[in-house]
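Please look through the sequence and the model below before reading on. The report starts with the whole chain and then turns to single residues.

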Amino acid sequence: MNKLTNDILDMETDFQCEVEELVKQERDFSDIYSLAIELLSTNKYKDLKLNDEYSENSVYDLVQETWTRYYE
């Protein structure tokens, strides 16, 4: 893999970890979703928005999956 691919994978992992941290703070689901969308608009994660996997529907699914896994 090239450096750009590794950077994107690291960015995805960081984003998912931040969403997990929001869930662990026992915030309301809608708050977590809103904050995750806001995170995507930061400079740190702006490149993820170019990827279809990080559309609003996909972020919703990620938050829901993380939420479900944490509260099971």
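Predicted model: local features only at pLDDT ≥ 70, side-chain atom pairs only at ≥ 80, totals over all residues.

Residues are numbered from 1 along each chain as its sequence is written, and side-chain values use heavy atoms, with hydrogens and water left out.

**The chain as a whole**

The protein chain has three helices and zero strands; helices (H or I, at least four residues) and strands (E, at least two) are DSSP runs, numbered from the N terminus. Along the sequence the pattern reads α-α-α. The protein chain has a radius of gyration of 12 Å, close to the 11 Å that the globule rule gives for 72 residues, so it is as compact as a globular protein of that length. That radius is taken over C-alpha atoms, and the globule rule is 2.2 Å times the number of residues to the power 0.38. Along the principal axes, the C-alpha atoms of the protein chain fill a box of roughly 35 × 20 × 20 Å.

Of the 72 residues in the protein chain, 26% are buried. Here buried means under 20% relative accessible area, exposed means over 50%, and partly exposed lies in between (1.4 Å probe, protein chains only). Among contacts (heavy atoms within 4.5 Å) in the protein chain between residues at least 6 apart in sequence, 67% join residues at least 24 apart.

**Helix α3**

In α3, the buried residues are Val59, Leu62, Val63 and Thr66. Viewed down the axis of α3, its buried residues fall within an arc of 95 degrees, so they line one face of the helix. The arc is that of the directions from the helix axis to the C-beta atoms. Threonine 66, in helix α3, has a relative accessibility of 4% and counts as buried. Leaving aside residues up to four places away in sequence, threonine 66 touches Val19, Glu20 and Val23.

**Aromatic pairs**

A search of the whole structure finds six aromatic pairs. Rings of Phe, Tyr and Trp (its six-membered ring) pair if their centres lie within 6.5 Å; planes under 30 degrees apart count as stacked, over 60 as edge-to-face and the rest as tilted. Two of the pairs are set out here.

| Pair | Centre to centre | Angle between planes | Type |
|---|---|---|---|
| Phenylalanine 15 and tyrosine 45 | 5.4 Å | 70 degrees | edge-to-face |
| Tryptophan 67 and tyrosine 71 | 4.7 Å | 45 degrees | tilted |

Phenylalanine 15 is buried, with a relative accessible area of 0%, and tyrosine 45 is buried at 1% relative accessibility.

Tryptophan 67 and tyrosine 71 both lie in helix α3, four residues apart, about one turn of the helix. Tryptophan 67 is partly exposed at 25% relative accessibility, and tyrosine 71 is partly exposed at 40%. One aromatic cluster is formed by Phe29, Tyr33, Tyr60, Trp67, Tyr70 and Tyr71.

**A loop residue**

Glutamate 26 lies in the loop between α1 and α2. Its phi is near 55 degrees, a positive value in a residue other than glycine. With 58% relative accessibility, glutamate 26 counts as exposed.
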